[in-house]
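Okay, thanks for coming, everyone.

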Amino acid sequence: MSDAILELAQELSEVSRLVADDDVTSTLSRFVSRVVQTVADCDEASVSVLTNGEPEIVARHHRIAEAVAEPSRAALGAQLIAPASPLRDSLQYGEPHRIGDLAADFRWPDFAAAAINAGYRSCVFLPLPTRGEGAAAFSLFSIKPDAFGSTSYDIVLLFALNAGVAFDNVQLYDDSAKLVEQLHIALGTRATIGQAQGILMHRYGITSDIAFKVLTRCSQNSNVKLRALSVEFIDAQNHGTLDDQLRKYGLGTETSQPH
């Protein structure tokens with residue numbers, strides 16, 4: 001048993017590892033696939049997240065992908081994210097739910113009917129422990145009643161713990177990547193505006209501050225963004241059409257301070 005747990009822990013470590021171009025969906029898809037392969041009697045697993053107060057299934061895997069079952073699975077997916085569902089409780093309130101026999105549980109009748117129609121008799125919903133603002137939860141289904149006993153449940157808990165960490169990490173990575181991208185854009189914009197300032201400084205013999213004020217005034221008067229205006233001046237300088245571009249924005253072409 002200890003060898004099996006060690007092997008599972010190593011697998012989870014690999015599944016949790018972020019790879020290039022990973023996003024929430026691709027990361028969690030690895031988990032749901034592994035859950036179905038590992039947890040005894042698990043026939044379907046999915047991970048859902050709460051986005052702007054509404055649940056969304058971001059990763060889902062079935063043990064047997066039969067096309068004939070897709071309509072009933074689609075109906076189950078709709079009931080999973082419906083207002084009255086055990087998944088909604090798990091996402092909004094962090095409450096786990098384990099239903100041993102869907103045919104004998106009457107708390108969520110529409111959900112239970114959809115699950116039974118899809119061929120399932122038992123299920124479990126488990127919130128993922130996350131540190132960020134986002135909420136996520138596992139949904140596991142089995143064609144057998146009382147499928148998720150204590151041993152299986154412990155394994156699911158282990159998966160949930162690792163999936164929560166991966167969920168946090170991929171969000172952190174995504175946020176960091178976006179921040180770096182924004183910084184690159186900001187630096188590029190600053191460099192472009194600086195280059196346009198230099199063109200005006202050289203043309204009119206003015207200071208950097210005055211050149212920036214000229215660019216800002218032209219941007220406001222013409223309703224053209226400052227970066228776009230700067231690009232126009234740079235392109236005009238490179239193509240020998242700077243005089244035309246200056247006249248377009250009401251600037252004199254003579255070598256004196258613009259008014």
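So, the lining of the largest pocket: by class there are 5 nonpolar, 2 polar and 4 charged residues. For the classes, Ala, Val, Leu, Ile, Met, Phe, Trp, Tyr, Cys and Pro count as nonpolar, Asp, Glu, Lys and Arg as charged, and the others, Gly among them, as polar. The residues in question are Asp43, His62, Arg63, Ile64, Glu66, Ala69, Arg73, Ala118, Gly119, Tyr120 and Ile143. A pocket here comes off a 1 Å grid over the protein atoms alone: an open set of points where a 1.4 Å probe fits, with protein on both sides within 12 Å along at least five of seven lines, and a lining residue has an atom within 4 Å of a point. The volume comes out at about 160 Å³, taken as the space filled by probe spheres set on the points, with grid points joined across faces, edges and corners.

Before I go on, the ground rules. This is a predicted model, where local features need pLDDT of at least 70 and side-chain atom pairs count only at pLDDT 80 or more, while totals for chains, interfaces and linings use all residues. Residues are numbered from 1 along each chain as its sequence is written, and side-chain values use heavy atoms, with hydrogens and water left out.

Now the fold. The protein has 9 helices and 5 strands, where helices (H or I, at least four residues) and strands (E, at least two) are DSSP runs numbered from the N terminus. Reading from the N terminus, the order is α-α-β-β-α-α-β-α-β-β-α-α-α-α. Of the 259 residues, 41% are buried. Buried means under 20% relative accessible area, exposed is over 50%, and partly exposed is in between, with a 1.4 Å probe and protein chains only.

On to the aromatics. How many aromatic pairs does a search of the whole structure find? It turns up 5, counting rings of Phe, Tyr and Trp (its six-membered ring) with centres within 6.5 Å; planes under 30 degrees apart are stacked, over 60 edge-to-face, and the rest tilted. Take Phe111 and Phe141: their ring centres are 6.2 Å apart and their planes sit at 50°, so that pair is tilted. Phe111 is in helix H5 and Phe141 in strand E5 (residues 135–142), 30 residues apart, so to speak a link between distant parts of the chain. Both Phe111 and Phe141 are buried. Then Phe125 and Phe141 have centres 6.0 Å apart and planes at 90°, so this one is edge-to-face. That pair also links distant parts of the chain, with Phe125 in strand E4 and Phe141 in strand E5, 16 residues apart. Phe125 is buried, too. Ring pairs join Phe111, Tyr120, Phe125 and Phe141 into a cluster, and you'll remember Tyr120 from the pocket lining.

Next, charges. There are 10 salt bridges, each one a side-chain nitrogen of Lys or Arg within 4 Å of a carboxyl oxygen of Asp or Glu. Arg88 and Glu54 make one of them, at 3.7 Å from N to O. Arg88 is in helix H4 (residues 86–93) and Glu54 in strand E2 (residues 54–62), 34 residues apart, which makes this a link between distant parts of the chain. Arg121 is in the loop between helix H5 (109–117) and strand E4 (122–127), and Asp101 in the loop between strand E3 (97–99) and H5, so the pair ties together parts 20 residues apart in sequence. Arg121 is partly exposed at 29%, and Asp101 is partly exposed at 24%.

Last, a couple of backbone spots. Asp41 has a positive phi, near 65°, in a residue other than glycine. Asp41 sits in the loop between helix H2 (24–38) and strand E1 (44–51). Asn223 also has a positive phi, near 60°, and lies in the loop between helix H7 (208–222) and helix H8 (226–239). Asn223 is exposed, at 72% relative accessibility.
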